[in-house]
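I set out to record how the strands of this protein pair and how its nonpolar residues group. The entries follow the order in which I looked things up.

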Amino acid sequence: MRRLLTLLILLAALALACNTLVPVAITETPVPLPTATPYPTATALPTATPRPTVSPTLATPATPTDLYISPGDVLIHPEPVLYSGDVVSFEVFAHDGGHKGLSGFPVAVYLGDPAAGKELSQVRAGAYGLGGRLEATFTWVWDTTGLAGAQTLTVVLDPTDEIQIGDEDTANNVLTVPLTLLPRAAEPPVEQSAHWLTSESACCVFRYISGTAAERDIASIEAAADEAITFVEAGMGRELSSKLTFNLINRLLGHGGFASDTVTISYLDRDYAGGGLENVFRHESAHVLDRQMGGTRPAVITEGLATYVAGGHFKYEPFAPRVAGLLAQTRYIPLRPLADDFYSSQHETGYLEGAAFITYLVDTFGWDRFATLLSAFQPAPKDSAMLDAGLRLTYNKGLDELEADWLASLGALPPDARWQTDIADTIDYYDTVRRYQQADDPSAYFLTAWIPDIEQAVRRDITADYSRHPAAPENIALETLLVRAGRAINEGDPATTGRCLEAVNAVLEAHGDFAADPLAHDYLLLTRVALESGYEPQRIALDGDSAVVTATRLDGSTALTELKLTRTNGVWRMN
Ligand SMILES: [Zn+2]
């Protein structure tokens, strides 16, 4: 029951998530990780330890036919390195080699040899996350205070031999996991002293981590939230019944927004998913107001409504000409299959179509009738059936008829090249963002996102899971390219968007080899020069032989500095 509850909570989080998700089938094999070493975000770090990581879907030559675990099947958090004093979590991926539908069996993690009896924790495995991956999730079970250096963990599936059929060979149930705890003194000082802070504005409560961009910008964040909530309350004709709580985290997860009881928003300078803060606040608070009404709705309406009320998905954007662009590019997804498989459909397309369809309903029949529709939905086996029945009740027209009317109205619009390009670039951009996350930061990819209970994190003052993240020069170079691509979309500069996305995709296709693309290679060189000078790049603008790198200092100061660099005889130098 508890597992089910956890899964439901997670599904709710992902389902409501606004700036999240796009579904790629879970069976897709992630692009292998490049061999970048994690770059320490401080000046005084020793060589980083190899990162324990996973490719759970990779088949081995002789795949066992019973329950088993293989090297790489344990993911350790926080990533990518551990320091003494970290409170550590594990995701253990068990394989049901005999396809017996095994679930609910115990998994234990031991410090050292199980025979020595130092069990850290034991939990039961189950389907986890949107992809339903079979795993045992150990959240904050190992407090490493007082430990340092090389450690060995042992993971044992079904240690009490509960499974009678489907686990014939118990020898393949055991995995030894070596890892290194770096000394506490090696952790960047700002991370060592990191703790949760709280502030309150007229509309909202904010929880954020000390020493981060959120702390630096909290006054403008508060103002943006107050403004967004006033906007949404006016748009929906309702008021929030109580203050909203926003958790501002210092690493990107998914597209930067997850809503459950509280709303978690990624707030960082190198936000390579590019969502505008105002838009995220509007979208997430629209969800909260929507939920205040109670009742059930198809996901395409839930997400469409939040997008409609916010005036765009990631930024302000007119919906109709962008859907017309989808139609022209044969990227349009008919509403029935979209409704039935909303979160597995192309993410940006689904949100846009939902918002555009609602715009059509409101513009044609008025807001009041749309508000009636919101309370007209009845549970049905399929979301398309729920949608169809609700529309018939409210508008005396079914889904197919209304969709045909709507598409006819879109067909009458004059073609708009700007927004056609915008939607195509937006889809390519976010598909590339997700591809990067799958390859280089799988704990950020929405299907496999590591989002432990933030309430507990705040209570226990655990911050590393929401702040530390892969930040090798290679990560920074690709992320700054994505940042540049995202800004170019907003600037209406498709050539730059296309070039930057091409560079990122070339490197990902080459398994992390930056020689695959000259622009990517320049970004990596510029990143290295900045890092060597004590700066962490957040944005890079390159123009021929000159570049401007907007950076924070590696010593933990979050003030942004503009560095100017020039290339002479093929070598980048600071001016
Ligand atoms: Zn949403």
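I began with an open sheet of 4 strands, ordered β17-β18-β19-β20 and paired in the antiparallel sense. I took strands (E, at least two residues) and helices (H or I, at least four residues) as DSSP runs numbered from the N terminus, and I counted two strands as paired if DSSP finds at least two bridges between them. The edges are β17 (535-543) and β20 (571-574), each of which pairs on one side only. Neighbouring strands of this sheet are turned by 30 degrees against each other on average, with direction ignored. For such angles, axes are lines fitted to C-alpha atoms, for helices over the stretch in contact, and the values run from 0 to 180 degrees between N-to-C directions.

I noted the basis of the work here. The model is predicted, so that local features need pLDDT of at least 70 and side-chain atom pairs count only at pLDDT 80 or more, whereas totals for chains, interfaces and linings use all residues. Residues are numbered from 1 along each chain as its sequence is written.

I found 8 bridges joining β17 to the antiparallel strand β18 (residues 546-553). Ala 541 has Val 548 of β18 as its bridge partner, and Leu 542 stands opposite Ala 547. The hairpin has 2 residues between the strands, and Gly 544 takes a positive phi near 60 degrees in it.

Which strands does helix α17 lie across? Helix α17 (residues 518-532) lies across β17, β18, β19 (561-568) and β20, and runs at about 140 degrees to β17.

Entry 4, a second sheet. I then looked at another open sheet of 4 strands, in the order β2-β4-β9-β8 and with antiparallel pairing. Its edge strands are β2 (74-77) and β8, each pairing on one side only. The twist averages 40 degrees from one strand to the next. Strands β4 (residues 87-93) and β9 (residues 133-143) pair over 6 bridges; Val 87 stands opposite Asp 143, and Phe 90 has Phe 138 as its bridge partner in β9.

I defined a core as a set of buried Ala, Val, Leu, Ile, Met, Phe, Trp, Tyr and Cys residues joined through C-beta atoms within 7 Å. A residue is buried if 20 or more other C-beta atoms lie within 10 Å of its own, exposed if 12 or fewer, and partly exposed in between, with C-beta atoms placed from the backbone. The largest core has 121 residues, of which Leu 248, Leu 481, Leu 482, Val 504 and Ala 520 touch the most other members. Helix α15 (residues 473-490) gives the most to this core, with 9 residues. The core draws at least three residues from each of domain 2 (196-418) and domain 3 (472-575), bounds that come from an automatic or database domain assignment. Apart from this core lies another of 31 residues, among them Leu 67, Leu 75, Val 81 and Phe 138.

I recorded 17 helices and 20 strands for the protein. Buried residues make up 47% of its 575 residues.

Note on methods. Two residues are in contact if their C-beta atoms, placed from the backbone, lie within 7 Å.
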